[in-house]
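Subject: Structure handover

Hello,

Here is the structure we talked about passing on. Please open it alongside this note. The findings follow below.

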Amino acid sequence: MTSSWIPPAFIFLFGALVALVLKGRVKQAWLLFVPVAGFAYVHYLPTEASFSLSVLQYHVDLLQVDRLSKVFGYIFCIAAFGSFLFALHVKGNVEHISALIYVGSALGVVFSGDFISLYFFWEFMAVASVMLIWARRTKKALDAGYRYVLVHIFGGLILLAGLLLLYYDGNPLTVQALKGKTLATWLILLGFMLNAAVPPLSAWLSDAYPESTATGGVFLSAFTTKTAVYTLIRVFPGWEVLIWLGTLMTLYGIIYAIMENDSRRILAYSIINQVGFMVAGVGIGTEMSLNGASAHAFAHIIYKGLLWMSAGSVLYMTGKTKCTELGGLYKTMPLTLICCCIAAASISSFPLTSGFTTKTMIIHGALDQHLVIIYFLLEVASAGVFLHAGIKFPYFVFFAKDKGVRAADPRPNMQWAMVFFAFICIFLGVYPKPLYHILPYPLVAEEFHAYTFMSVIRMLQLLLFSGLAFFAFLGLLKRTETISLDTDWFYRKGTKLILFVVTGIASLVGRGLEYVFVKTIPLRLSAFCERPVTTFMTMYYRFSGKDAGAIDEFQSRALPEKVSTVPIGIPVFMALLFLAAFAYIFSNIF
Amino acid sequence: MKKEFEWFDKPENIWKLKVYGLLTLLVTVAAELMGTGDSTHQWDKIPGFYAMFGFISCVVLIVLSKFLGKWWLKKGEEYYDE
């Protein structure tokens, strides 16, 4: 154990503690300083650094450093810096503190050496991040937040079940690639997939993220899904099922994003689409495609953060998010528009932007493995990305029909944050070498050349003709004031159905029990206790085969209880009998 | 009051955008003919393959989501409050 190194998560958790007591400018400076310190710290972390704690005779390994964890460590710190800059003006502690804990927990997952600590940070993330939704303080945000946290706790429990099974199968709980396809590994995969928003486990994202605060959405877009991508790269590289699920995600996200009216919900579905590329890359599992998944996660965090910033700026300045209420904002929000377009170009992987230098790696990886169908489906998705995030989002928010909404560019700190992220989008597109240099397999990355004459021309053809399709079919894309049903229907409407069925069954069972235990048995018992001899005699006559006439005749005579003398009162006798029966039953059971 | 920037609202500018846009499309297809040798796959040999592919993909995606939305998935905004 090298005690001179601590997990990077602690820097952010300590930062959260200190931020509690700071105020004003000092607090703002602190919020920016913590990610910078985190970045520098991740940079200097040597691969042999470790940090373990003993909990109940078990060694929890909180620090495991290699190239993969470092890539995610770097980008999480950069994303945190940009997001805090964007949110710097936010008053109060709730958002800042929970964001610090959220980022810290994400880093905790990335650097965890064993599944126990990973699991704890995993759950911390869910609880800290929901605050960024609740901080919006609307009824919708409150409800969506509850659903969000419940779904994540459910996912966490699946993960925990998988981990426990893994442990009882005699495996070590070290975070490493799992090969065997057992119930344990499938459950762990399912837990990770829920956080990566793989359909049908994806509705929490499109349900909750759009309800977050204008600044909270920027944080949310970066950490939860990308932490899940990291765990998939780490634990499930080359699992073939992920190729297909990832490809499905890319198309699923697009189709929903085309249907959506809410600009931030378009971006939420676009996350599902983009994470799909990464998940497919993990499934392909070659060094090239794992590099691609990591690089794409890196670039994605920046351009998607920037898209959420521009949507957040519009929300912050106008209070509106629906495409049907927006339009014509290019006139008064030029900087937001330009930054939005840079992000839109990046997500569409236009040449000279970060999307082009990263996503092509994954698609190239698919072709290298002769996965022709997957290759073409991913190309369909690439075309669709430009359609929904590249054009639709900026077009309906900033252009389209002028709805008369007038708002200026947001506050300076928000503008600087957007410029910072826009710069990285272009920088990584023009000069991707620094990013390639830090990827898990640098040798493979250095041999990869995104820019050839034909690759650029083909990408431009694909994207520009997608743009042509957008404008040619603009009539079909007309915005409507609607929402789109997703799998959250099952726990939003479905629960009502379940409640209806369950209460129906329960009331039937209740009535049955009432009939037996309240009406029938007590009545029979009281009749029996009143006339025990007559009842026994009747039963005796029945069993000994006397005919009905004889029984009627016996019953019509004076009852024995009425004419004979019994030494003790019948009720006392019956009570004694029951007590004896109970005593017998209890003495034998307990 | 400062006059607003309204470039995109003027029909003559939209007309210009359309013309330049279509010209760009033509240029990207024409440029492909200048590139040589880099056709490792059969579909690379078809001129303008990616242009057609992009266009058709998007049309399919638009029509598919239109139908899914219209007949099944799109509901009024108050759907979950009812």
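A definition to start with: helices are DSSP runs of H or I with at least four residues, numbered from the N terminus. Please keep in mind that this is a predicted model.

**Domains**

Chain A is split into domain 1 (1–236), domain 2 (239–479) and domain 3 (531–590). Taken over C-alpha atoms, the centres of domain 1 and domain 3 of chain A are 72 Å apart.

**The cavity**

The structure has one cavity of 30 Å³ or more. The volume of the largest cavity is about 30 Å³. Its lining consists of A:Phe84, A:Ala87, A:Glu95, A:His96, A:Ala99, A:Leu132, A:Thr215 and A:Phe219. Which helix gives the largest share of that lining? Helix α4 (residues 94–111) of chain A does, with three residues. By class, the lining of the largest cavity comprises five nonpolar residues, two polar and one charged.

**The largest pocket**

The largest pocket holds about 1,200 Å³ of space. It is lined by 28 residues, and the closest to its centre are A:Phe386, A:Ile391, A:Tyr395, A:Phe471 and B:Leu17. Four helices each supply at least two lining residues: α13 (334–347), α15 (372–398) and α19 (453–472) of chain A, and α1 (11–34) of chain B. The top contributor to the lining of the largest pocket is α1(B), with eight residues. The lining of the largest pocket counts 22 nonpolar, four polar and two charged residues.

**The second largest pocket**

The second largest pocket has a volume of about 860 Å³. Among its 34 lining residues, A:Lys140, A:Glu211, A:Arg265, A:Ile483 and A:Arg492 are the closest to the centre. In chain A, α6 (139–168), α8 (203–208), α11 (263–284), β3 (482–484) and α20 (489–492) each give at least two residues to this lining. α6(A) provides the largest share, five residues. The class count for the lining of the second largest pocket is eight nonpolar, six polar and 20 charged. Where does this pocket lie? Domain 1 (1–236) and domain 2 (239–479) of chain A both contribute to the lining of the second largest pocket, so the pocket lies between them.

**Two helices of chain A**

Helix α9 (residues 216–235) of chain A has 20 residues. At 1.5 Å a residue it should span 28 Å, and its end C-alpha atoms are 29 Å apart, which agrees. There is a bend of about 25 degrees in α9(A) at A:Lys226. Buried here means under 20% relative accessible area. On that cut-off, 20 of the 20 residues of α9(A) are buried, so the helix is largely enclosed by the rest of the structure.

A:Thr231 sits in helix α9 of chain A. Is A:Thr231 buried or exposed? A:Thr231 is buried, at a relative accessible area of 1%. A:Thr231 and A:Ala177 are 54 residues apart in sequence, and their C-alpha atoms are 9.4 Å apart in space.

Helix α10 (residues 240–259) of chain A also has a length check. Its 20 residues reach 30 Å from first C-alpha to last, close to the 28 Å expected at 1.5 Å a residue. For α10(A), 16 of the 20 residues are buried, so this helix too is largely enclosed by the rest of the structure.

Best wishes

Technical notes. Residues numbered from 1 in each chain as written. Chains lettered and ligands numbered in written order. Predicted model: local features only at pLDDT ≥ 70, side-chain atom pairs only at ≥ 80, totals over all residues. Heavy atoms only, no water. Expected span 1.5 Å × (residues − 1). Bend = angle between axes of the 7 residues up to and from the residue. Buried < 20%, exposed > 50% of the residue type's maximum accessible area, 1.4 Å probe, protein only. 1 Å grid on protein atoms, 1.4 Å probe; cavity = no way out; pocket = protein on both sides within 12 Å on 5 of 7 lines; lining within 4 Å. Points joined across faces, edges and corners; volume = space filled by probe spheres on them. Nonpolar A, V, L, I, M, F, W, Y, C, P; charged D, E, K, R; others polar. Domains from an automatic or database assignment.
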